[in-house]
Amino acid sequence: MYVTLLTGDQSTSAHMVGNKVAVNAVKSGVTPQDKIATVRELQEKGLKVAMAGDGINDAPALALADLSIAMGNGTDIALETSDLTVIDGNLHGIIDAIRLSQRTMTIIKQNLFWAFAYNLLLIPIAAVILYPGLGIILNPTMAAAAMAISSLTVILNSLRLRRMSPRPVT
């Protein structure tokens with residue numbers, strides 16, 4: 001991941017902030033058109049662009065970015081343009097949102113795996129082993145209970161997301 005600070009502010013303050021938040025590059029005195037051009041240039045290189053902003057000058061580039069993030073203390077147009085809003089305006093919220101989305105995708109994939117594995121395992125057992133092999137006919141109530149257990153497994157796995165905590169602010 002490569003992070004660039006694009007700001008209309010003066011070079012001195014831009015570099016102070018850039019050093020504090022440890023970005024890869026700082027570009028100061030940037031106009032809204034320059035921000036749009038930078039986003040387009042990166043996208044033309046095949047890169048996915050996430051942009052965070054809080055002002056009117058950021059809104060056009062936010063609209064163009066693949067992922068736009070507005071800071072909650074920003075202007076209404078930036079908030080309306082964004083895909084994601086960090087309510088408290090803290091940059092750590094962006095990292096937390098990315099971590100939460102990655103963790104959510106992992107949980108979704110696990111749930112799909114277990115749901116398919118469950119059906120791939122139990123349907124053949126019921127159709128091949130229990131009835132033809134042993135002559136056991138399953139009661140529909142047992143099948144419903146087995147499906148409820150499958151659903152409960154998915155729910156409990158998903159609830160693990162609640163244990164995820166935000167990064168401590170340093």
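Two residues are in contact, or touch, when they have heavy atoms within 4.5 Å of each other. That idea will guide us through this structure, which is a predicted model: local features need pLDDT of at least 70, side-chain atom pairs count only at pLDDT 80 or more, and totals for chains, interfaces and linings use all residues. Residues are numbered from 1 along each chain as its sequence is written, and side-chain values use heavy atoms, leaving out hydrogens and water.

Let us start with I69, which lies in strand β4. Helices (H or I, at least four residues) and strands (E, at least two) are DSSP runs, numbered from the N terminus. Leaving out residues up to four places away in sequence, I69 touches M51, A52, G53, L62, S82, L84, V86 and I94.

Is I69 buried or exposed? I69 counts as buried because its relative accessibility is 3%. Here buried means under 20% relative accessible area, exposed means over 50%, and partly exposed is in between (1.4 Å probe, protein chains only).

S68 is also found in β4, and S68 counts as buried at 1% relative accessibility. With residues up to four places away in sequence not counted, S68 touches M51, L62, T81, S82, D83 and L84.

S82 sits in the loop between α4 (76–81) and β5 (84–86). Although it is in a loop, S82 counts as buried, with 13% relative accessibility. Apart from neighbours within four places in sequence, S82 is in contact with S68, I69 and A70.

D54 belongs to another loop, the one between β3 and α3. D54 is partly exposed, with a relative accessible area of 38%. Beyond residues up to four places away in sequence, D54 touches M71, G74, T75 and A78.

| Pair | Separation in sequence | C-alpha to C-alpha distance |
|---|---|---|
| S68 and V49 | 19 residues | 8.4 Å |
| I69 and M51 | 18 residues | 6.0 Å |
| D54 and G89 | 35 residues | 8.7 Å |
| S82 and I69 | 13 residues | 5.3 Å |

**A look at helix α2**

Now to a helix. α2 has 13 residues, and the distance from its first C-alpha to its last is 18 Å, close to the 18 Å expected at 1.5 Å a residue. The expected span of a helix is 1.5 Å times one less than its number of residues.

Which residues of α2 are buried? They are K35, I36, T38 and V39. Seen down the axis of α2, the buried residues fall within an arc of 160 degrees, so they line one face of the helix. This arc is that of the directions from the helix axis to the C-beta atoms. The elements covering the buried residues of α2 include β1, β3 and α3 (59–64). On the face turned away from the buried side, α2 carries the exposed residues Q33 and E44.

Just after α2, G46 takes a positive phi of about 90 degrees. A22 has a positive phi too, about 55 degrees, although A22 is not a glycine. A22 lies in the loop between α1 and β2, and counts as exposed at 64% relative accessibility.

**Two pockets**

On a 1 Å grid over the protein atoms alone, a pocket is an open set of points where a 1.4 Å probe fits, with protein on both sides within 12 Å along at least five of seven lines; lining residues have an atom within 4 Å of a point. Grid points are joined across faces, edges and corners, and a volume is the space filled by probe spheres set on the points.

The largest pocket holds about 1700 Å³ of space. Its lining has 47 residues, and the closest to the pocket centre are V3, T4, L5, V23 and A52. By class, this lining has 25 nonpolar, 13 polar and nine charged residues. Ala, Val, Leu, Ile, Met, Phe, Trp, Tyr, Cys and Pro count as nonpolar, Asp, Glu, Lys and Arg as charged, and the others, Gly among them, as polar.

The second largest pocket holds about 210 Å³. Among the residues that line this pocket are Y118, N119, L138 and M147. α5 gives the most to the lining, with seven residues. How does the lining of the second largest pocket divide by class, and what are the counts? There are eleven nonpolar residues, one polar and no charged.
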